[in-house]
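Subject: Structure for your review

Dear colleague,

I am handing over the structure we spoke about, with the sequence alongside.

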Amino acid sequence: MSDTALFPLSDEHKMIREAARDFAQSEIVPVAAQFDESGEFPKETIKKMGALGFMGIEVPETYGGAGMDTLSYVLALEEICKADAAHGVVMSVNNSLYCHGILKFGTEEQKKKFITPVASGTAIGAYSLTEPMSGSDASNMKSRATREGGFYLLNGTKSWVTSGPVADYFVVFMMTDPAKKAKGITAFLVDGKTPGLTRGKKEPKLGIRASATSELIFDNCKVPVENRLGEEGEGFKIAMTVLDVGRIGIASQALGIAEAAYEASVAYAKEREAFGQKIGEFQGIGFKIADMKTRIEAARLLIYNAALAKERSKTSGERFTLQASTAKLFASETAMFCAHAAVQIHGGMGYSRELPVERYFRDAKITEIYEGTSEIQRLVISRAELG
Ligand code: CAA
């Protein structure tokens, strides 16, 4: 929440943060528990987020976006996730995994057709890389796209697709040349209404329950050649480049959850009494608060650093893989640490559905898993450092 001496915020940054905070606190906080309980997708609040420009923050205005920078994006996302991580992941996937890839690798026609409705918030975008037998080992996919004249026929099952049941458009990765392994993967833009595409099993999840996650089943799904994103064989590089951006989003989501857990803990520690004093006056609680605060501030610096590296890359073209992975690794483990501490500080009340603390605990876990587990982030970081 705070400004930092290292990354002073401009008036524009403060404005977008305020706008996101106001919206999140007034429109999302009151409904978050109810959507978590029902597991229903929060259509109306997501639509309102779109109308406010949150679904395509970095997308130029010509393609329906808000035309802002990466720091604006992470500041807004953090505020949304502080209110509810399920709303936050829909926003993160829309902005980063979906819009960014098309902006970077798409043709002018693809940008107009596939970004504009999604960035302007009238449609939802999703990204589909994972398969039942290939999660971390992403290039080991089995689904196939075969060229037939002016079309590709897409076949196979994709899994764990965030917004899968509700998305209007998908960026989908499929193998076009298995002999070439990672270099035989190609990316496609698929309209959700295309015959041959059906939404499969909806995942019953531990956390972020209001975000809809499902399989996608492709059965001779016919996609025109003009919907290929990039060249044949470029798909894995596109998937990885886009995940670098996605990981900054998930880091911001984790920071939002950590802050929510922290603020609830500080308030409770100042109010709850035991053994004749406020529990915050016990060093055991105070030290937990200190550790939470320190990790949150460190995570924030890593995230802002990654956001600025991504911003610089718009002109330099330099990769920011290391900055994104360090931010994602540290922030997600911070979310888990803070949510765990928050439940402990709240005691029985932390375990009760009457307070949002148990939801923060359930929601935090996914940030250590999706868009690259903590183990994959450690692999990416160590490979970058050791060669
Ligand atoms: N940017 C650009 N190119 C990259 C790259 C990056 N960040 N990372 C790798 N590449 C390139 C490499 O340079 C290499 O190309 P060259 O041979 O030309 O040099 C090519 O891609 C293959 O790279 P690797 O040899 O490193 O590939 P690998 O098979 O060893 O895999 C990995 C590397 C890091 C483990 C990768 O598979 C990975 O990130 N796995 C995790 C996948 C993941 O995050 N999945 C989440 C999906 S989305 C989701 O969670 C659901 C949702 O909807 C939110």
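Predicted model: local features only at pLDDT ≥ 70, side-chain atom pairs only at ≥ 80, totals over all residues.

Residues are numbered from 1 along each chain as its sequence is written, and side-chain values use heavy atoms, with hydrogens and water left out.

Domains

The protein chain is divided into domain 1 (11–123), domain 2 (126–232) and domain 3 (236–386), with bounds that come from an automatic or database domain assignment. Between the C-alpha centres of domain 1 and domain 2 there are 22 Å, and 24 residues of domain 1 are in contact with 21 residues of domain 2, where contact means heavy atoms within 4.5 Å.

Strand β1

Helices (H or I, at least four residues) and strands (E, at least two) are DSSP runs, numbered from the N terminus. In a regular strand the side chains alternate between the two faces of the sheet. In β1 (residues 125–128), G125 and Y127 point one way while A126 and S128 point the other way, and all are buried; buried means under 20% relative accessible area, exposed over 50%, and partly exposed in between, with a 1.4 Å probe and protein chains only. Strand β1 pairs with β4 in the parallel sense over four bridges, where two strands pair if DSSP finds at least two bridges between them, and the bridge partner of G125 in β4 is Y169.

The second largest pocket

A pocket here is an open set of points, on a 1 Å grid over the protein atoms alone, where a 1.4 Å probe fits, with protein on both sides within 12 Å along at least five of seven lines, and its lining residues have an atom within 4 Å of a point. The second largest pocket holds about 160 Å³ of space, the volume being the space filled by probe spheres set on the points, which are joined across faces, edges and corners. Its lining consists of Q25, V29, K82, A83, A260, E263, A264, P356, R359 and Y360, and the elements that give two or more residues to this lining are α1 (11–38), α3 (70–83), α6 (235–271) and α9 (357–366). The largest share, three residues, comes from α6. By class the lining has six nonpolar, one polar and three charged residues, where Ala, Val, Leu, Ile, Met, Phe, Trp, Tyr, Cys and Pro count as nonpolar, Asp, Glu, Lys and Arg as charged, and the others, Gly among them, as polar. Domain 1 and domain 3 each supply at least three residues to the lining.

Single residues

K181, in the loop between β4 (169–175) and β5 (185–191), has a positive phi near 50 degrees although this residue is not a glycine, and K181 is exposed because its relative accessible area is 60%. F275, in the loop between β9 (273–274) and β10 (277–278), also has a positive phi, of about 50 degrees, without being a glycine, and F275 counts as exposed because its relative accessible area is 81%.

E203 lies in the loop between β6 (197–202) and β7 (213–224), and is buried because its relative accessible area is 12%.

With kind regards
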